[in-house]
Amino acid sequence: MGGGATRLYSALTPPLSSSAFPPPAVTNLDPAFCQEQKGAPVCPAELLRQCEEALRGRAPRFHRKFTQLPDGSGAPSNSIRVMQWNILAQALGEGLDSFVQCPPEALSWSRRKYLILEEILTYRPHILCLQEVDHYYDTLQPVLAGLGYSSNFCPKPWSPCLDVDGNNGPDGCALFYDESRFEFLDSVNLQLSAMRIPTNQVAVVTMLRCRSSGRCVCVAVTHLKARSGWEWLRSAQGSDLLRHLQTLVQKHAHDSAGAQTLDIPLLICGDFNAIPTEEVYRRFAASPLGLDSAYKRLSEDGSTEPEYTTWKIRPTGECCSTLDYIWYSRDTLRVDAVLDMPTEEQIGPNRLPSFSYPSDHLSLVCDFSFKEKE
């Protein structure tokens, strides 16, 4: 590798840390790489090339295409690209999730970190919402900061990652945004409650202002309770998140002259661990906040979610279901394009994760634009 690639490789190949969260400082990154990031922006195309070089000889990556929607703005330069992705916590992938058809080598952090970064760099989102993040401080935050992203991270209070030997701290939700595109206004980390009782699930909610249009947007990322039998808890957590969102929007719903403006759009990304027939999904679809699910736009009638956003094989059997969503304010945002889902053939008989793809969940990517005010 050349000098730049060597610095990237050094930055991304430290041993797993078992330190408690949050780490007091990032001490296992290459100093020259960090200094380079601070001194000048990193070129995303060059970083992507370096990731591809590190993954040379691997299985082919998924080639996915954007479906351009007929009511799109026709001005992609003005679109806001949003990515939603449960990236699979490293400690869970290796220690607790039991992907019985996935070779252990495909789950190693030495491979997965490049695949994760490659996926992000391929689509270059302006807003990036991630779940199951347990390498925030030593990898994702410093590397993406060098690309011009600011971010916030909220760990789970009782992360199961901490029960795994050699863990890298707790997993949680992380929200990144492109500082060249957005101005930061406000952010809050939430521990979601169910009937006023705190739970182990969290959310990050951030208020941003688009630098080109001056329009505000409220973005949330969350990861609701997993497993069958907890449908009532997911519903309560979803209701709690909706209440918090309404409060934050109302807090900022005034223009510079103090007049009330109740048209701040919402973008809510998450692994809801809920199929579309669950109550929490219905709560979001029927919310007075006027939300719709962007990935329904891939269907012929515009009303059906994809067949799957996660596909894995565990000791209990095969799981192929839709659990991940990008919700948006349908009255103030327009969906311009949606990234399609890989086919069953692309995913392969051993399902996810694999040498081709680092997570058991597929990334969701959409382009949005602001609707004109009436």
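The model is predicted.

Strand β2 spans residues 80–86. It is largely enclosed by the rest of the structure, because 7 of its 7 residues are buried. In a regular strand the side chains alternate between the two faces of the sheet. In β2, I80, V82, Q84 and N86 point one way. R81, M83 and W85 point the other way. Residues of both groups are buried. Two pairings of β2 can be described. With strand β15 (residues 364–370), β2 runs antiparallel, joined by 5 bridges. With strand β3 (residues 127–133), the pairing is parallel, again over 5 bridges. Q84 takes part in both pairings. Its bridge partner in β15 is L364. In β3, C129 stands opposite Q84.

Strand β7 covers residues 197–210 and is mostly covered, with 11 of its 14 residues buried. Strand β6 (residues 182–194) pairs with β7 in the antiparallel sense over 11 bridges. L208 of β7 figures in both pairings. It is the bridge partner of F184, and it stands opposite V217 in β8.

The side chains of E183 and R209 meet at 3.2 Å, N to O. E183 lies in β6 and R209 in β7, so the pair ties together parts that are 26 residues apart in sequence. E183 counts as partly exposed because its relative accessibility is 31%. R209 is also partly exposed, at 29%.

Together with W230 and W232, M195 makes a nonpolar surface patch of about 360 Å². W232 is found in helix α7 (residues 231–252). With a relative accessible area of 45%, W232 is partly exposed.

D271 is placed in strand β9 (residues 266–271). D271 counts as buried because its relative accessibility is 1%, against a cut-off of 20%. Its side chain makes polar contacts. One joins the side chains of D271 and H223 at 3.2 Å. Another runs from the D271 side chain to the backbone nitrogen of N273, at 3.0 Å. Beyond its neighbours within four places in sequence, D271 touches Q84, N86, Q131, T222, H223, L224, L323, D324 and H361. Q84 and N86 among these belong to the buried set of β2. D271 and T322 are 51 residues apart in sequence, yet their C-alpha atoms are 9.3 Å apart in space.

Leaving aside neighbours within four places in sequence, D292 is in contact with I326, W327, Y328 and R330.

The whole structure holds 20 salt bridges. One of these involves the side chains of E278 and R234, which meet at 2.8 Å, N to O. This pair links distant parts of the chain, 44 residues apart. E278 sits in the loop between β9 and α8, whereas R234 sits in helix α7. Both E278 and R234 are buried.

R283 and E279 form it, with the closest N and O atoms 3.1 Å apart. They are separated by about one helical turn, because they are 4 residues apart in α8. R283 is partly exposed, with a relative accessible area of 37%. E279 is likewise partly exposed, at 37% relative accessibility. Elsewhere, R58, R61, R64, E118 and E119 are linked in a network of salt bridges.

How values were computed
Residues numbered from 1 in each chain as written. Predicted model: local features only at pLDDT ≥ 70, side-chain atom pairs only at ≥ 80, totals over all residues. Heavy atoms only, no water. Contact = heavy atoms within 4.5 Å. Buried < 20%, exposed > 50% of the residue type's maximum accessible area, 1.4 Å probe, protein only. Pairing = 2+ DSSP bridges. Polar contact = N/O pair within 3.5 Å; in protein donor to acceptor, adjacent residues only side chain to side chain. Patch = residues over 30% accessible without salt bridge, like charges linked within 9 Å, V, L, I, M, F, W, Y side chains within 5 Å. Areas by Shrake-Rupley, 256 points an atom, 1.4 Å probe, with all protein chains shown as cover. Salt bridge = Lys/Arg side-chain N within 4 Å of Asp/Glu carboxyl O.
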